[in-house]
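Work through the exercises below with the sequence and the model side by side. Each task is followed by its solution in steps.

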Amino acid sequence: AGKRYAAPPGKQLKLLFRKWFRVHWRTPTYNFTRTMICIIIALVVGSIFFRINPVDMQSMFSIAGVQFNALMFVGILHANTMQSFVARERTVFYREKAA
């Protein structure tokens, strides 16, 4: 009577990871798109700083700043592409919750 959830947290986490893996495995176009975006951005940022030899702190900070911005850009792109999956999963969640 004192149990709040039907399954312990470890089992819930295991089931959530399994569901997440299956959702991503069933959408190869999404995975391909994410991989290609990462490769293209890596090539662009890498080509910008290919032959630059940092000689002072200012050039080091410039390189670090561009790398940080590239990572933030990739993260924002992935967050935007993830919204369709979240919306789809939310619909399934509410449908299963109502049943």
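**Exercise 1.** Classify Leu16 as buried or exposed in this predicted model, and state which helix holds Leu16.

Solution. Step 1: the relative accessible area of Leu16 is 56%. Step 2: exposed means over 50%, so Leu16 is exposed. Step 3: the residue lies in helix α1. Step 4: Leu16 can also be placed against Phe32, which is 16 residues away in sequence, with 23 Å between the two C-alpha atoms.

**Exercise 2.** Find where Arg26 and Thr27 lie, and decide for Arg26 and for Thr27 whether the residue is buried or exposed.

Solution. Step 1: Arg26 sits in the loop between α1 (9-25) and α2 (28-48). Thr27 is placed in the loop between α1 and α2 as well. Step 2: Arg26 has a relative accessible area of 65%, so this residue is exposed. Step 3: for Thr27 the value is 15%. Buried means under 20%, so Thr27 is buried. Step 4: setting aside neighbours within four places in sequence, Thr27 is in contact with Phe85 and Arg88. Step 5: Val66 is 39 residues from Thr27 along the chain, and their C-alpha atoms are separated by 31 Å.

**Exercise 3.** Which residues form the positive surface patch, and which residues make the nonpolar one?

Solution. Step 1: Lys11, Lys14, Arg18, Arg22 and Arg26 form the positive surface patch. Step 2: the nonpolar surface patch is made by Phe32, Met36, Ile39, Ile40, Leu43, Val44 and Ile48, and has an area of about 660 Å². Step 3: take Val44 as one of the nonpolar patch members. Val44 belongs to helix α2. Its relative accessible area is 43%, so Val44 is partly exposed.

**Exercise 4.** Describe the setting of Leu77 and His78: the helix, the accessibility of Leu77 and of His78, and the contacts of each beyond four places in sequence.

Solution. Step 1: helix α3 (residues 57-98) contains His78, and Leu77 is also in helix α3. Step 2: Leu77 has a relative accessible area of 25%, so Leu77 is partly exposed. Step 3: His78 is buried, because its relative accessible area is 14% and the cut-off for buried is under 20%. Step 4: once neighbours within four places in sequence are left out, Leu77 is in contact with Ile37 and Ile41. Step 5: on the same terms, His78 is in contact with Tyr30, Arg34 and Cys38. Step 6: Arg34 also gives a distance for Leu77: the two are 43 residues apart in sequence, and 8.7 Å apart in space from C-alpha to C-alpha.

Note on methods:
Residues are numbered from 1 along each chain as its sequence is written. This is a predicted model: local features need pLDDT of at least 70, side-chain atom pairs count only at pLDDT 80 or more; totals for chains, interfaces and linings use all residues. Side-chain values use heavy atoms; hydrogens and water are left out. Patches are made of residues with over 30% relative accessible area and no salt bridge: like charges are joined within 9 Å, nonpolar side chains (Val, Leu, Ile, Met, Phe, Trp, Tyr) within 5 Å. Accessible areas come from the Shrake-Rupley method with a 1.4 Å probe; for residues, only the protein chains shown count as cover. A salt bridge is a side-chain nitrogen of Lys or Arg within 4 Å of a carboxyl oxygen of Asp or Glu. Lys and Arg count as positive and Asp and Glu as negative; His and the chain ends are not counted. The place of a charge is taken as NZ of Lys, CZ of Arg, CG of Asp or CD of Glu. Helices (H or I, at least four residues) and strands (E, at least two) are DSSP runs, numbered from the N terminus. Buried means under 20% relative accessible area, exposed over 50%, partly exposed in between (1.4 Å probe, protein chains only). Contact means heavy atoms within 4.5 Å.
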